[in-house]
Amino acid sequence: MQEIKGYDRSIQELLSGGSYGIDYYQREYKWGRKQLQELVDDLTGRFLDSYQPGDTSKKVAHYGHYFLGSIVVSQNGDVRHIVDGQQRMTSLSILLIFLNNLQQGQEKTVSIQSMIYADDFGEKKFKMDVPERNDCMEALFSNKPFNTDAASESVRNLTARYQDLSELFPEELQGNALPLFIYWLTRKVKLIEIIAYADEDAYTIFETMNDRGLSLTPTDMLKGYLLANIDNTEKRLEADRLIKRYLALFAEHGKETESDFFKAWLRSQYAQKIRERKKDAKPEDFDLIGTEYHRWIRNHSADLGLKQGSDFHQFVMRNFRYYAALYLRLLDAARTRKEGLESVRYVADAGFTLQHHVTLAAITPDDDKDTATAKVGVVADFLDSWLNLRFWNYKSNSYSTMSYAVFLVIQKIRGQSLANVRTILHDHLLREMAEIDFSQPVHLNQFTSKAIHRQLARFTDWLEQKSGVPGKYEDYIARSGKNAYEVEHIWANHYDRFADVFDQQGDFDRTRNHIGGLLLLPKKINASLSDLTYAEKLPHYLKANALTQSLHEAFYDRNPGFQQTLQKYGLEFKPLNEFGLTEMENRSELYCKLAALIWSPDGLLDEEEA
């Protein structure tokens, strides 16, 4: 082997030099929302451990470091190819692009463009230089939409993960803390760059790091600990068979499902403390379970009542079995709407990874199936209302923003009766709504596009179901593929048609994005209507879904189900032959009322209480 060198690099040092390429045989960029969320949560959480409001940029020099692992690079002259680490490096690149766009218009900004691209004789050469991705990267950098039709898997994932960042990045870091976070990210986050000067050496390093032996996972170590403490051989074998059976079922849902289960179960039932969001605060139960649940159980065995072999056996055969079976039901409900548990799917679609933590907290192994199902439904309805209420008021639902508040909810409902769970969560929403509500319309922008799509899917599905028509939420929520739906602007993007109403283009753009001026249409239809006037669009709207059809007078003829729904809920939908500023404002108010109905706290009460 030739000389191999390892360097301790900050992100700034890694990306201030030349560009990185990847060879043709490298796999696609495959990170999903979950992997990106974990990265964002780890980075922002570690930053918040040091950050104090009012800190100056100079203070960042004394913040703690964060180690992000290593990358393996094969260097031949000026060309650097990433052999191992392209998933992280690509994700860091789109995070930097997101942060660069996020800070536009702020008084204090940090120059990071040189870490995103180099000036190659007047053209951008991105630091992750992969030709097939460059058009997409350019669109993301310019904050413009990018058509992923017929695009590669990498490009589709790049676009989707960039859109996810608007929901995942904490609201609390989008103001005065943003430049400090950028300084910390680029200067204090470190990686080890391992450079080999021959391809074969780089691949040898990669194989050694990844393929030699199978490391034990936290689940492996937890399983071994639990079984080792069951002193009865027959019972140990029984517990072993049970654990293996459920781990195999978890594996069918993805390789990380088992760890997600243990974190949700143990946090929901046993976590007593969570790390405070202040400098030098130490990790507590909630945090430790998230990183080393096997070690946490070992260190807290006495608190869990695990003192002798029979305790460990019961822990597996009763507690583990009950919550593992329930978790599988939750995963199923998160994929396909189940009657009474529809909100499990809705909250999953919102990407709220703490959902199952809260749900499991309300349930005990003594609950029968009907009681457990009712509790699941109540908790899911609560989370659905809470998350949408926060979104409607531009409050972040990211992990780092919500984890402490979620922990407090977990503590309040842990082991409570169904009636108490209803009361506690209903009261929680009422307290929230004393400060925020659905009275002001939300707007479409680069940060709200995915959530707005979900809102419109819910409005449309709700109207149809209440009118006695099978809802098609699963169709409406699709954002990609040949049957995808897109957000339709009732007003085409033609300021000239409204120049007599708005003095400036910006005022028109903001009003055009009011939620009352938005609908959902199949992607193919949406593209064909984009430049038409409202009068030209209206006949096409009649062929669409209930929310869209409600604009056309013919939809109200011989439609008793829809008419009864309007009367029952006091919704003032009416046909509109023209759609100007007044109609935009009125329809936005109507959408506000629809949101308040769908996500009302009273939905958590049983029918007699409501």
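The model is predicted, so local features need pLDDT of at least 70 and side-chain atom pairs count only at pLDDT 80 or more, while totals for chains, interfaces and linings use all residues. Residues are numbered from 1 along each chain as its sequence is written, and side-chain values use heavy atoms, with hydrogens and water left out.

**Overall build**

- The chain has 25 helices and 9 strands; these are DSSP runs numbered from the N terminus, with helices being H or I of at least four residues and strands E of at least two.
- The radius of gyration of the chain is 26 Å, close to the 25 Å that the globule rule gives for 610 residues, so the chain is as compact as a globular protein of that length. The radius is taken over C-alpha atoms, and the rule is 2.2 Å times the number of residues to the power 0.38.
- Along the principal axes, the C-alpha atoms fill a box of roughly 75 × 70 × 45 Å.
- Of the contacts with a separation of 6 or more, 74% are between residues 24 or more positions apart; contact means heavy atoms within 4.5 Å.

**Burial**

- Buried residues make up 53% of the 610 residues. Buried means under 20% relative accessible area, exposed over 50%, and partly exposed in between, with a 1.4 Å probe and protein chains only.

**Nonpolar cores**

- A nonpolar core is a set of buried Ala, Val, Leu, Ile, Met, Phe, Trp, Tyr and Cys residues joined through side-chain atoms within 4.5 Å.
- The largest nonpolar core has 71 residues, and those with the most contacts inside it are Phe261, Trp265, Ile297, Phe320, Ile413 and Leu425.
- Helix H12 (residues 309–335) gives the most to this core, with 15 residues.
- A second, separate core has 59 residues, including Leu14, Leu102, Met115 and Ile182.
- Beyond residues up to four places away in sequence, Trp265 touches Tyr270, Phe315, Asn319, Phe320, Tyr323 and Leu360.

- Tyr476 lies in helix H19 (residues 473–476) and is buried, with a relative accessible area of 3%.
- Neighbours within four places aside, the contacts of Tyr476 include His453, Ala457, Tyr485, Leu520 and Asn545.
- Tyr476 and Glu234 are 242 residues apart in sequence and 52 Å apart in space, C-alpha to C-alpha.
- Arg458 lies in helix H18 (residues 449–466) and is buried, with a relative accessible area of 9%.
- Not counting residues up to four places away in sequence, Arg458 touches Tyr346, Asp384, Asn388, Tyr473, Ile598 and Trp599.
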